[in-house]
Amino acid sequence: MTDHPDFDELGDHVDGLLAPARAAEVWEHLRECAQCRTVYGAIDEMVDDAAKLPRDLAPPPELWGEVRGRLSRRRHIFSIGFSPAGLAAATLLLVALSSGITALVMRDGSRAVATVETTVQTGAQPARPANLTSAERGYAESAARLEATLAERRDSLAPATVATVERSLRIADSAIAEAHAALERDPANRAIEAILASNYQRKIDLLRRANELSPRT
Amino acid sequence: MTKPAWPALAMILLASPMARAQQAVLEGHAAAPTASVRLVAAVGSVRVIGWAHDSVELAGTVPAGSRVEFASPEGAARGMKMYVEIPNHRMASEGRLVLRVPKGARVWLKTGSADIDVTGVVGGLDLNVVGGSITVHGNPRELRAESMDGNVLVDGTPEWLRAKTATGDITMTGGGQDLGASTISGTIRSRGGPVERMKLESTTGAINFANDPARAGTIEIETHSGPVEVQLPRKGDVELDLATITGAIENDWSRTRPASGREGRGMTLATSAGMGGGRLNVRSFKGTIRIRAR
């Protein structure tokens, strides 16, 4: 294997999500490539750190306002260029957050989707877990940076492709906003948390794929 | 007396862009049975055929003036890369390629608007298109298929599958061991054989599931607002756990009635049949969930 695995793939490798044959190839590559070993080590370390985060801290009360502010400034962000290092950091952040959430969920002994449940609780509404709150902030930041990259590449893509991607992003954003509003009304509902996270993941995955498209496609 | 039609036909062919602006491609190399083959080509269609020969062959036609490159940095036997660059992207739909690979090969294929059709590959497939469709017949060990607005059809039983689209539909007709499909607004349909592990997810796209969960299998379906329809054998061994935040659940499969969700919104339903061998979980924000017998 001569091609370097990208950040996403190394992140999947850390999570153990690669197909067995591909995982073997990546291991083989890591043995030979110091550059990729360094990246892999950084991701692995961040996943470990994320897994050690406390799970019962209340989020700062101003956090949701901050997330909303960042989202509302997204159009402004579009006009700002990002360096390759910044993009790499964004990707690394996304992978680390994704991996961290997976690690936290897996630590509960069940798979991510399997943990979705409708809680039936009464009394005072508990605060949302700190890990998901951080995750949403990370999702929003990562999505904004990927959207900025896409905005820079927009003119290099075919108009039909741009139209498809933008239409899908509008759908994803609408779903995120709807789930987010529902979670604000019912902060203890883990089923909404999971759906919100999935909506973000699909949007980020769409952005990642759009950013990987070849020019003129 | 009827005049011969061939002169008129020849005139049409000669006058068409296809006839006057094509160049042939024929590239062949020996390869290991599990060689890695990469092809990047902006053409109209690519057929990939797994064959019982230890060689790779790329044949077809591309627009005249195209650049066709071949590279095998580790030797053609282990792997090779092929690259087809056309002189003008508006000609992309004109090229037609057929790629023959050892059936156990790993194939990585990236195109723009090409329709990809794969037959007979039992190794690995990593297929990426934007506007074209992806069709895979057979039983690859690993299959990753990604499209933006093209449809993905998997007619077979891959051991491992991950299919993603933005607006394109995803259809799986054979079951498998570890399957995943994700879309924003396309429709996901899965039917056919038993499934051991599966995750289907959409934002607004409909999801139709009609496989049999394998004993101890786990099926996860999640959508924001797409309608979900699950068809199960009435006497199967399966345990269901369904929940929707604000939507509805319709159960025509068992006598268990859905319960109201939190604060009277949404619904939940837990029911089972037989020994409850397989497990099927469905979650939606507001999409209706229907369970039907088949």
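Reader: Which residues of α1(A) and α2(A) meet?

Author: In this predicted model, Glu9(A), Leu10(A) and His13(A) are the residues on the α1(A) side. On the α2(A) side they meet Arg22(A), Ala23(A), Val26(A), Trp27(A) and Leu30(A). By class, the contact comprises 5 nonpolar, 1 polar and 2 charged residues.

Reader: Why do residues three or four places apart point the same way in an α-helix?

Author: An α-helix has 3.6 residues a turn, so residues at that spacing point the same way. In this structure, Glu9(A) and His13(A) of α1(A) both take part in the contact with α2(A).

Reader: How is the packing of two helices described?

Author: Two numbers are used: the angle between the axes and the distance between them. Here α1(A) and α2(A), the latter spanning residues 20–32, pack at about 105° with their axes 11 Å apart. An angle from 65 to 115 degrees counts as roughly perpendicular, so α1(A) and α2(A) are roughly perpendicular to each other.

Reader: Which residues of α1(A) are buried, and what follows the helix?

Author: Helix α1 of chain A covers residues 7–15, and its buried residues are Asp8(A), Glu9(A), Leu10(A), Gly11(A), His13(A) and Val14(A). After α1(A) comes Gly16(A), with a positive phi near 75°.

Reader: At what angle do the axes of α8(A) and α9(A) cross?

Author: The axes of α8(A), residues 159–185, and α9(A), residues 190–211, cross at roughly 160° and come within 9 Å. That crossing angle makes α8(A) roughly antiparallel to α9(A). The crossing of the two helices is left-handed.

Reader: Which residues make that contact?

Author: From α8(A) the contributors are Val165(A), Ser168(A), Leu169(A), Ala172(A), Asp173(A), Ala175(A), Ile176(A), Ala179(A), His180(A), Ala182(A) and Leu183(A). From α9(A) they are Ile192(A), Glu193(A), Leu196(A), Asn199(A), Tyr200(A), Lys203(A), Leu206(A), Leu207(A) and Ala210(A). Sorted by class, the contact of α8(A) with α9(A) holds 14 nonpolar, 3 polar and 3 charged residues.

Reader: What is the secondary structure of chain A as a whole?

Author: Chain A has 9 helices and 0 strands. Of its 217 residues, 47% count as buried. Among its contacts with a separation of 6 or more, 81% are between residues 24 or more positions apart.

Reader: Where in chain A is the pLDDT below 50?

Author: As a general rule, where pLDDT is low, the predicted coordinates should not be read in detail. Chain A has a mean pLDDT of 68, with 58% of its residues at 70 or more. One stretch below 50 is residues 54–62 of chain A, which has 14 contacts in the model beyond near neighbours in sequence. Another is residues 98–129 of chain A, with 66 such contacts.

Reader: What is the mean pLDDT of chain B?

Author: The mean for chain B is 89, and 92% of its residues reach 70 or more. Residues 1–18 of chain B have pLDDT below 50, and beyond near neighbours in sequence this stretch makes 6 contacts in the model. For the model, the scores are ipTM 0.86 and pTM 0.72.

Reader: How many helices and strands does chain B have?

Author: Chain B has 2 helices and 25 strands. Its C-alpha atoms fill a box of roughly 70 × 50 × 40 Å along the principal axes. Buried residues account for 51% of the 294 residues in chain B. Of the chain B contacts with a separation of 6 or more, 45% are between residues 24 or more positions apart.

Reader: Is Thr187(B) buried or exposed?

Author: The cut-off for buried is under 20% relative accessible area. Thr187(B) is at 18%, so Thr187(B) is buried. Thr187(B) sits in the loop between β16 (176–183) and β17 (188–202) of chain B. Beyond its neighbours within four places in sequence, Thr187(B) contacts Gly168(B), Asp169(B), Ile170(B), Ala206(B) and Asn208(B).

Reader: Is Ala216(B) buried or exposed?

Author: A residue counts as exposed over 50%. Ala216(B) has 64% relative accessibility and therefore counts as exposed. Ala216(B) lies in strand β18, residues 207–223 of chain B. Although not a glycine, Ala216(B) has a positive phi of about 70°.

Definitions and conventions: Residues are numbered from 1 along each chain as its sequence is written. Chains are lettered from A and ligands numbered from 1 in the order in which they are written. This is a predicted model: local features need pLDDT of at least 70, side-chain atom pairs count only at pLDDT 80 or more; totals for chains, interfaces and linings use all residues. Side-chain values use heavy atoms; hydrogens and water are left out. Helices (H or I, at least four residues) and strands (E, at least two) are DSSP runs, numbered from the N terminus. Buried means under 20% relative accessible area, exposed over 50%, partly exposed in between (1.4 Å probe, protein chains only). Contact means heavy atoms within 4.5 Å. Axes are lines fitted to C-alpha atoms, for helices over the stretch in contact, and angles run from 0 to 180 degrees between N-to-C directions. Angles under 35 degrees count as roughly parallel, over 145 as roughly antiparallel, 65 to 115 as roughly perpendicular and the rest as oblique. A crossing is left-handed if the near helix is turned anticlockwise from the far one by less than a right angle, and right-handed if clockwise. Ala, Val, Leu, Ile, Met, Phe, Trp, Tyr, Cys and Pro count as nonpolar, Asp, Glu, Lys and Arg as charged, and the others, Gly among them, as polar. pLDDT is the predictor's confidence in each residue, from 0 to 100.
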